[in-house]
Amino acid sequence: MSDQTHMPAGHDLAPGDEEQHSVGARILGYVVGLALALLLTATSFFIAGTDLVWQPSIPVALIVLAIAQMGVHLVFFLHITTGPDNTNNVLALAFGLLVVFLVVGGTVWIMAHLNANMPPMDQIMPMRR
Amino acid sequence: MAMTTTAGRAHADPHHIGLVIEHPGPASKRIVTAYGFWVFLLSDIVMFSCFFAAYAVLAGQTAGGPKGSEIFEPRNVAIETVCLLLSSFTCGMASIAADVRNRFWFYLGMAVTCGLGVVFLIIEFREFADLVSRGYGPSRSAFLTAFFSLVGCHGLHVSAGVLWLLTMVAQVFAKGFRADILRRMMCFALFWHALDIIWVAVFSVVYLLGSGA
Amino acid sequence: MPAVRTVEAMMLGKLDWSAIPFDQPIPLIAGAVVLVGILGVLIWVVVKGHLPYLWHEWITSVDHKRIGVMYILLASVMLLRGGSDAIMMRIQQAVAFQSQGYLPPEHYNQIFSAHGTIMIFFVAMPFVIGLMNLIVPLQLGVRDVAFPTLNSVGFWLTATGALLVNLSLVIGEFARTGWLAFPPLSELSYSPGVGVDYYAWSLQISGIGTLVAGINLVTTVLKLRTKGMNYLRMPMFCWTTLASNLLIVAAFPILTATLAMLLLDRYLGFHFFTNEAGGNVMMFMNLIWAWGHPEVYILVLPAFGIFSEVVSTFSGKALFGYRSMVLATMAICVISFMVWLHHFFTMGAGPDVNAIFGIASMIIAIPTGVKIYNWLFTMYGGRIRFETPMLWSIGFMVTFIIGGLTGVLVAVPPADFMLHNSMFLVAHFHNVIIGGVLFGAFAGFEYWFPKAFGFRLDDRWGKLAFWFTFLGFYVTFVPLYVVGMLGMTRRMQHYDVAAWRPWMLVAAAGMAVLTIGVICQIMQLVVSIRNREALRDRTGDPWDGRSLEWATSSPPPVFNFAFNPDVRGEDAYWDMKARAQQQSLEHGGPEYQDIEMPRNSPTGFVCAFFATIMGFALIWHIWWMVILGGIGAFATFVVFAWRDHDEYVIPAEEVAAIDRVNLEERRSLVSMAGAV
C-alpha cells in the first residue's frame with residue numbers, strides 16, 4: 001500500500017506459481033499436501049460419525065478441520081505463501097475472505113434477529129384465542 | 001499558459017519518506033493472466049458464499065420434509081471427497097508435466113483428473129436423481145432448495161471444469177505447449193484446486209454438520 | 001389442434017401475438033419511433049458504406065479507448081431513455097391528483113421499474129466504466145488494459161442487457177416490481193408475466209459484463225503500471241478506479257447469486273423467497289442489499305476520482321492531502337460492505353442490529369467528509385479557472401453535501417422509521433446519484449472529451465447545460481423532500497392529498513428545466529462537432545493537465561505512448577513539463593522500437609449475439625433456442641482459444657513518424673509559451 005511495502009518490485013509471482021524448484025521437489029510438495037488433506041478429511045468424517053468425543057464440540061471441530069484443510073490446499077496446491085513475491089495475491093485473497101465473512105456472518109446474524117420487533121410466539125398464541 | 005508561472009515549484013515527490021523503490025513497470029503476461037484469473041476465482045467464491053449463507057439460513061426450514069440426516073449418505077460423500085482430492089493431486093501433476101513439456105505425463109495426469117471428475121459427477125447426479133425420485137426434489141422444502149442449489153452450483157462448476165479440461169487437452173494436442181496455452185493451463189489448475197477448496201466447505205458444512213443435526 | 005399448439009409451444013415457448021402491446025399506444029409508438037430510428041441509422045450506415053469502417057474500427061475493436069467511448073455512447077443513449085421515463089412519471093404525478101392521470105397503474109409501474117433499472121445499470125455503470133476504460137491505462141502510462149479482448153466481451157454483454165430491457169418495450173412487458181424486484185411480488189404467483197424475467201436475465205447478462213470489466217481494471221491497476229508508477233504516485237482517479245473495481249469484483253457475484261435464486265424460484269419451483277415451504281422473503285432483501293450498498297460506492301468512487309483530477313487541474317495545484325484521500329478511498333471501499341442493513345431498518349431487526357448498522361452508516365460519512373475538505377483545500381489559494389468541468393465539480397460539492405447530510409439523517413434508525421419508502425428517500429438518493437455520479441460523469445465527459453476526440457467541447461453551451469441542469473435539479477428534487485416530509489410515499493400512481501399537489505407541479509416544472517439542460521448538452525455536441533477545427537487540441541494538453549494522459553497526443557495513437565513513460569513522482573506529467581522546460585524538451589534522438597498490439601477480434605460481438613439469443617429464449621421459455629445459444633457461446637470460446645496470432649506489430653518507423661508529429665506540435669507551443 002506504500003512505496004515501502006512494494007519492496008519486491010522487481011520480483012513478483014503469479015498466483016499458483018512457485019519459486020523455481022526441481023520437479024522432484026514440486027511433486028513432493030503435492031504429495032505432502034495430499035497426505036495432509038487426506039488425513040484432515042478422514043478426521044472430519046471420523047469425528048462427524050463418532051460418539052467418542054463430547055457431542056457439542058463436533059461442529060466446532062468440523063469447522064476448524066475444514067479451515068485447516070483449506071489452508072493446506074492453499075499452501076500446497078495453490079502455492080500461496082507469505083513471501084514478498086506473493087503480496088498482491090495474499091491481499092486479494094484477504095479482501096475476498098473479508099467479504100465472504102461479512103456476507104455469511106452478516107446474513108446469519110441479521111436473519112436471526114429479524115423477528116426482534118415481533119412479540120414472542122408464546123404471547124401471540126394466547127392472543128389468537 | 002499558466003504552467004510557466006508555477007512550473008518552477010514542481011517537485012519530484014513531496015511526500016516521499018526514506019528509500020523509495022521504483023516500480024519496475026508492467027508485469028509479465030503470465031503474472032497478469034494468472035492474477036486476473038485469481039481475482040475472478042475470489043469473486044466466484046463470494047458467489048458461493050451467498051449460497052452458503054442461504055443454506056445456513058434455510059437449513060432448518062424443512063416444511064415437514066426430510067432433514068439432512070435422513071437423506072445424506074456419508075459413504076457416497078466420502079467417495080466424492082476422495083475423488084476430488086485425488087483429482088486435485090493429479091491436476092497438479094499435469095501442470096508440472098506441462099511446465100517441463102512432457103506430453104505423456106500431461107495427458108496421463110489430465111486423463112486421470114477427468115476420470116475422477118466424471119466419477120464425482122456421476123455419484124452426485126445419482127444422489128440427486130434418487131432424491132427427486134423419492135419426492136425430495138428442490139421444490140419440496142426451503143432446506144432442499146438451498147441444498148440442491150449449493151451442491152448443484154458446485155456440480156455445475158465441476159462440469160464446466162471437465163469441459164474446460166477437454167478443451168485444454170485438445171489445445172495441447174493440436175498446438176503443443178505454447179506460452180499462451182501454458183497460461184491457460186495455469187488458470188485451469190487454479191480453477192480446479194479452487195473447486196476442491198469449495199468442496200471442503202460443502203462436505204463439512206452441508207453433509208457432516210447436517211448429518212449430525 | 002392440440003398437436004399444433006404443442007408444436008407451437010415447443011417452437012415459440014410463451015411467445016405469441018399477444019406479446020405485442022397493440023392496445024397500449026404509448027409503448028407501441030415509442031417502440032416504433034425507436035425502431036424506425038435504429039433502422040434509419042442502419043440504412044444510412046450501409047448506404048454510405050460506413051459498415052466496414054464501423055466493423056473494423058469499432059465493433060471488433062479491442063482498443064481500450066474505443067471501448068470506453070462505446071460505453072459512454074451506450075450510457076448517453078440510455079440516459080435519454082431513462083430520462084423519458086422520468087419525464088413521464090413527473091407528468092403523471094403532476095396530473096394524477098384525484099384522478100387516474102394518463103398512465104394506467106400497470107404501465108406506470110413498469111415505467112418506474114424501468115427508470116431505476118436503466119439509470120443504474122445502463123447509464124451510471126457504463127458511463128463510469130467507460131471513463132475508467134478510456135483514461136486509466138493512459139494515466140498509468142501503459143498501452144492497453146490487462147485483457148483487451150475480454151474488455152470487448154464485457155462491453156458487448158452490457159449492451160446485450162440494455163438491448164433486452166428495451167426489447168421489453170415492444171415484445172411483452174417489463175417488470176412492475178420496482179428496480180430491485182422484491183419478492184414475493186416478483187415471484188411467479190404474483191408476477192406471472194415475462195416482465196421480471198426480462199429484468200432478471202438482462203441484469204444477469206450485463207452483470208457478467210460488469211464483472212469482466214471489474215476484473216480487467218483491477219488487474220490493470222495492480223499489475224500494469226509504467227516504470228516508476230509506484231502505488232503512491234498513481235493519480236487519484238486510478239486509486240478510486242481500483243477501489244470501485246474491487247467492489248465490483250466482490251459485490252456483483254452477490255447480485256448474480258441473488259438473481260439466480262429468484263430465477264430458480266420462478267423457473268423450477270424452488271423455495272428461496274416464496275411464502276410457502278419455508279422460503280424466506282427477507283433473504284432476498286438481505287442479499288440484494290449486500291450487493292446494493294457497495295453498488296452505490298462502485299458508482300460514486302470513480303466520480304470522486306474525476307473531481308479530484310478536475311479540481312486539482314483547474315486550481316493549478318497538486319491535490320491537497322493526497323495520502324488522506326487514498327486512505328479515505330480505501331476506507332470507503334471496506335466500510336461500504338458493512339452498512340447494507342440500513343436499507344431495511346424497518347423490516348423487523350432489533351435495536352442491537354439496527355444500532356450497529358446505523359453507526360456504521362454514519363461512520364462512512366467521515367472518509368467522504370475528508371474528501372470534501374481535501375477538494376476545498378485544493379481550491380484554497382489556487383488559481384481557479386471556471387471551465388465547464390470545474391463548474392460541474394463545484395456544483396457537485398454543494399449538491400452532494402446536501403445529499404450526504406440527508407443520508408446521515410436517514411442513517412439514524414428512528415428517523416428512518418419515519419422516512420422509509422417516502423418521497424424524502426427518493427429525493428435523497430437522486431440528490432447523491434445525480435449530484436454525485438451524474439455530475440461526475442459530466443465533469444469527466446467535458447474534461448476528457450478533447451483527449452478522446454482531439455477537440456474541446458463548446459464552452460458556452462457547456463455552461464448553459466450546467467446551469468440548467470443544476471437549477472433544474474433543485475427545482476425538481478427539493479419539492480420531493482417536502483412532500484416526503486408531508487407523508488407522501490414513493491411510487492404512487494395517483495393521490496388525493498391536496499397539500500402535495502403544488503409541490504408536484506413545481507417538480508414537473510423542474511423536470512422541464514432539466515430537459516432543457518439535456519438539450520443544451522446535445523446542442524453542445526452538435527455545435528462542437530461543427531466547430532471542431534476551431535476547437536482543435538493540437539498539444540494533447542488542452543487544460544494544462546498534471547497526469548500522464550495529457551503527455552500523449554489527442555486523440556492518442558493506438559499504442560498510447562511511443563515510449564512507456566518513466567515516472568519520478570506524483571503528478572507525473574506536471575513534473576515532466578517542469579523538467580522539460582529546463583532541458584527545452586531535448587530528447588536527444590530516442591530509439592523507436594516495434595510495438596506489439598492486440599489484434600482486433602469479433603469475439604465480444606459474437607458472444608453478445610449468442611447471449612442475446614439465449615437471454616431472449618430464456619425469457620420466453622424457447623428451450624431449443626437456449627441450447628442453440630449455449631452451443632454457439634461455447635463454440636465462440638473454442639474458436640477464440642484456437643487463434644494463432646493475437647497480436648500485430650506496428651513497425652518502429654510508423655511509431656516514430658506518429659510520435660514526431662506530436663512532439664513538433666508540443667515543442668512549438670511550449671516555446672511560444674516560454675516567449676510570453
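Predicted model: local features only at pLDDT ≥ 70, side-chain atom pairs only at ≥ 80, totals over all residues.

Q: Which two stretches does the domain assignment of chain A give?
A: Let's start with how chain A is divided up. The assignment gives domain 1 and domain 2. Their bounds are 13-81 for domain 1 and 84-129 for domain 2.

Q: How many residues does the contact take from domain 2 of chain A, and how does the side of domain 1 that touches domain 2 divide by class?
A: Domain 1 of chain A puts 4 residues into the contact, and domain 2 of chain A puts in 5 residues.

Q: What classes of residue make up the side of chain A that touches chain C?
A: The contact between these chains takes 20 residues from chain A and 19 residues from chain C. Sorted by class, the chain A side comes out as 10 nonpolar, 9 polar and 1 charged.

Q: Is Ala160(B) buried or exposed, or partly exposed?
A: Ala160(B) sits in helix H6 of chain B, residues 142-175. Burial takes 20 or more C-beta neighbours within 10 Å, and a residue is exposed at 12 or fewer. Ala160(B) has 13 inside 10 Å, so the label is partly exposed.

Q: How far apart in space are Ala160(B) and Ala146(B)?
A: Along the sequence, Ala160(B) and Ala146(B) are 14 residues apart. Going C-alpha to C-alpha, the separation in space is 21 Å.

Q: How do H13(C) and H15(C) run relative to each other?
A: Helix H13 of chain C covers residues 388-410, and helix H15 of chain C covers residues 423-453. Their axes come within 8 Å and cross at roughly 160°. Angles over 145 degrees count as roughly antiparallel, so H13(C) and H15(C) are roughly antiparallel.

Q: What residue classes meet where H13(C) contacts H15(C)?
A: The crossing of this pair, H13(C) and H15(C), is left-handed. The residues of the contact divide into 12 nonpolar, 13 polar and 1 charged.

Q: How do H7(C) and H8(C) run relative to each other?
A: Here the helices are H7 of chain C, residues 195-223, and H8 of chain C, residues 236-268. The axes come within 8 Å and cross at roughly 150°. That angle makes H7(C) and H8(C) roughly antiparallel.

Q: What residue classes meet where H7(C) contacts H8(C)?
A: H7(C) and H8(C) have a left-handed crossing. Their contact residues divide into 18 nonpolar, 7 polar and 2 charged.

Conventions. Residues numbered from 1 in each chain as written. Chains lettered and ligands numbered in written order. Domains from an automatic or database assignment. Contact = placed C-beta atoms within 7 Å. Nonpolar A, V, L, I, M, F, W, Y, C, P; charged D, E, K, R; others polar. Helix = DSSP H or I, 4+ residues; strand = E, 2+ residues; numbered from the N terminus. Axes fitted to C-alpha atoms, helices over the stretch in contact; angles between N-to-C directions. Parallel < 35°, antiparallel > 145°, perpendicular 65-115°, else oblique. Left-handed = near helix turned anticlockwise from the far one by under 90°.
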